[in-house]
Amino acid sequence: MKKKELLYCYIVILLILFASLGSYLFLQHGLRVKSNRSSLEKNPNEQVLNISQVSIENVEFSVELAQTPTEREKGLSGRTKLCDQCGMLFIFESDNYHSFWMKDTLIPLDIIWIDKNWQVVDFVGFTQPQGTRTDEELPVYQPQKLARYVLELPGGTVKKIRKFKIGSEVLVN
């Protein structure tokens, strides 16, 4: 009887291991959607959640996502540095003239507005920290055209990207 119980224990352990491995593989590969332009156009809010990199004019950036109102409100405020190839991608539910300011932001930033088709529609280069200005004194940056996404990069980055312009395509993955 002990051998039979031991065999059942081994079988149960193996089943648990296979189930765990299967769950892990499903979560790692089955739910990860390779973001590309066509799938994002079909259902942009569903697909965007796994973006970790963007590319503009063949220059790649690792990005953090700001998807919720709380994450978007905080943004990059309070940061004392941001690597040259890093940024934050703000994801909104709809197209709008999404406004930004530099409240509690300690580093210069470039702000790039991107439409639902992943085309740059506007940008502001090298916005500066505002130090001791009151909320009423802070400049507000707003695009000239509707945007769905906003990308913040280290200040001065836009000038360094060859061929960067309004209309540049942003690739995501």
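Trainee: What share of the contacts with a separation of 6 or more joins residues 24 or more positions apart?
Mentor: This is a predicted model, in which local features need pLDDT of at least 70, side-chain atom pairs count only at pLDDT 80 or more, and totals for chains, interfaces and linings use all residues. Residues are numbered from 1 along each chain as its sequence is written, and side-chain values use heavy atoms, with hydrogens and water left out. A contact means heavy atoms within 4.5 Å. Among contacts in the chain with a separation of 6 or more, the share from residues 24 or more positions apart is 71%.

Trainee: In what order do the elements of the chain run from the N terminus?
Mentor: Helices (H or I, at least four residues) and strands (E, at least two) are DSSP runs, numbered from the N terminus. The chain has five helices and seven strands. Their order is α-α-α-β-β-α-β-β-β-β-α-β.

Trainee: Which residues of the largest nonpolar core touch the most other members?
Mentor: A nonpolar core is a set of buried Ala, Val, Leu, Ile, Met, Phe, Trp, Tyr and Cys residues joined through side-chain atoms within 4.5 Å. Buried means under 20% relative accessible area, exposed over 50%, and partly exposed in between, with a 1.4 Å probe and protein chains only. The largest core has 20 residues, and those that touch the most other members are Ile51, Val54, Leu89, Ile112, Trp118 and Leu151.

Trainee: Which strands each supply at least two residues of this core?
Mentor: In soluble globular proteins, nonpolar side chains tend to be buried together. Val54, a member of the core, is in contact with residues including Val59, Leu89, Leu151 and Val172. The strands that each supply at least two core residues are β1 (53-56), β2 (59-66), β3 (86-96), β4 (109-114), β6 (147-154) and β7 (170-172).

Trainee: Which residue is joined to Cys83 by a disulfide?
Mentor: A disulfide is a pair of cysteine sulfur atoms within 2.5 Å, and the count by this rule is one. The link is right-handed, with 80 degrees about the S-S bond. At an S to S distance of 1.9 Å, the partner of Cys83 is Cys86.

Trainee: Which backbone oxygen does the side chain of His98 reach?
Mentor: His98 lies in the loop between β3 and β4 and counts as buried at 11% relative accessibility. Leaving aside neighbours within four places in sequence, the contacts of His98 include Phe92, Trp113 and Tyr141. At 3.1 Å, the side chain of His98 reaches the backbone oxygen of Ser94.

Technical notes:
Polar contact = N/O pair within 3.5 Å; in protein donor to acceptor, adjacent residues only side chain to side chain.
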